[in-house]
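Biologist: Please walk me through this model, one feature at a time. I would like to learn how to read each kind.

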Amino acid sequence: MSELPPLIVFGAGGHGAVVAELALACGRRVLGFADVDASRIGSRVLGLEVSWLQDDLLSMERWPEDAEVALGVGYNGPRARIDAGFAARVTAPLIHPRAYVSPSAELAPGVVVFALAAVQARARLGRGVIVNTGAVVEHDSEVRAHAHIAPNATLCGNVTVGERALVGAGASVPPGLVIGEDALVKAGSRWRNPR
Ligand SMILES: CC(C)(COP(=O)(O)OP(=O)(O)OC[C@H]1O[C@@H](n2cnc3c(N)ncnc32)[C@H](O)[C@@H]1OP(=O)(O)O)[C@@H](O)C(=O)NCCC(=O)NCCS
């Protein structure tokens, strides 16, 4: 049994389901989900109950089993706001057992690295970053807080991705380029810096 505290996954949608299974694959116990949508309370996702309204947890002093927060919302702005509201409880990085993360990479709290992804030497991932299924973050790249590298996207070496940016599914970013904060790289595209 893991000695780490159990988790409450914030966000009971599709991304939250993947984060919950990631947590279980990492050997963490998941108590259930929290959501902002009151109509989801009492429903089940993967057999786990949606038990809490997010705002109720904000004002609750003692949490069940002193649980930690797993960020299970895919939208970057809302995920950043949850992270800001619950910062002290946000859990350490969750790395799927079938992902590769270099020992020299630095990962902040709230990072999730999904199955078949790779994070290479000296890469730096800020708080709440998503490295989605099969995505690649090559050496010396920096992905700033709450950005999302979508499934099968590739950042070559020395790329910088700004806060809350989305690098769309299957997109590729050539070496050394810089993507601004809140930017969107279209799915399947090859990024060029504006001239
Ligand atoms: C670029 C993007 C934001 C456009 O979304 P949208 O504004 O809803 O655009 P639409 O789907 O209405 O498409 C508008 C036009 O752009 C084209 N288009 C849309 N996405 C495109 C893409 N990624 N590459 C090339 N062309 C694209 C469409 O074919 C359409 O062309 P048309 O007008 O000739 O028919 C979206 O397609 C995208 O790439 N999002 C990223 C999704 C993603 O990877 N999410 C991660 C989930 S884990």
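**Reading the model**

Modeller: By class, five nonpolar, four polar and one charged residues make up the shell around the ligand. Keep in mind that this is a predicted model.

Biologist: Which residues surround the ligand?

Modeller: The list runs Asn132, Ala150, Pro151, Gly168, Ala169, Leu184, Lys186, Ala187, Gly188 and Ser189.

Biologist: Now the domains. What does the domain assignment of the protein chain give?

Modeller: Domain 1 covers 7–89, and domain 2 covers 92–195. Their centres, taken over C-alpha atoms, are 23 Å apart. Domain 1 puts 14 residues into the contact, and domain 2 puts in 15 residues.

Biologist: Which elements of domain 1 each supply at least two residues of the side that touches domain 2?

Modeller: Helix H1 (14–25), strand S5 (68–71) and helix H3 (76–85) do. By class, that side of domain 1 has nine nonpolar, three polar and two charged residues.

Biologist: How should I think about a nonpolar core?

Modeller: Start with the general idea. In soluble globular proteins, nonpolar side chains tend to be buried together. Here the largest nonpolar core has 61 residues. Val9, Val113, Val131, Ile149 and Val167 touch the most other members. H1 gives the most to this core, with five residues.

Biologist: Why does this core lie between domain 1 and domain 2?

Modeller: Because domain 1 (7–89) and domain 2 (92–195) both give residues to the core.

Biologist: How many bridges join strand S17 to S20?

Modeller: Two bridges join them, and the strands run parallel. Strand S17 spans residues 160–161. Threonine 160 has valine 178 in S20 as its bridge partner.

Biologist: Let us turn to backbone angles. Which phi value does glutamate 65 have?

Modeller: Phi of glutamate 65 is positive, about 55 degrees, although the residue is not a glycine. Glutamate 65 sits in the loop between helix H2 (54–58) and S5.

Biologist: Why does glutamate 65 count as exposed?

Modeller: Count its neighbours. Glutamate 65 has 12 C-beta neighbours inside 10 Å. A residue is exposed if that count is 12 or fewer, so glutamate 65 qualifies.

Biologist: Where is aspartate 140?

Modeller: Aspartate 140 is in the loop between strand S13 (136–137) and strand S14 (142–143). Its phi is near 65 degrees, again a positive value in a residue other than glycine. Aspartate 140 has 19 C-beta neighbours inside 10 Å, so it counts as partly exposed.

Biologist: What distance separates the C-alpha atoms of proline 97 and tryptophan 63?

Modeller: The separation is 28 Å, for two residues 34 residues apart along the chain.

Key: Residues are numbered from 1 along each chain as its sequence is written. This is a predicted model: local features need pLDDT of at least 70, side-chain atom pairs count only at pLDDT 80 or more; totals for chains, interfaces and linings use all residues. A residue is near a molecule or strand if its C-beta atom, placed from the backbone, lies within 6 Å of it. Ala, Val, Leu, Ile, Met, Phe, Trp, Tyr, Cys and Pro count as nonpolar, Asp, Glu, Lys and Arg as charged, and the others, Gly among them, as polar. Domain bounds come from an automatic or database domain assignment. Two residues are in contact if their C-beta atoms, placed from the backbone, lie within 7 Å. Helices (H or I, at least four residues) and strands (E, at least two) are DSSP runs, numbered from the N terminus. A nonpolar core is a set of buried Ala, Val, Leu, Ile, Met, Phe, Trp, Tyr and Cys residues joined through C-beta atoms within 7 Å. A residue is buried if 20 or more other C-beta atoms lie within 10 Å of its own, exposed if 12 or fewer, and partly exposed in between; C-beta atoms are placed from the backbone. Two strands pair if DSSP finds at least two bridges between them.
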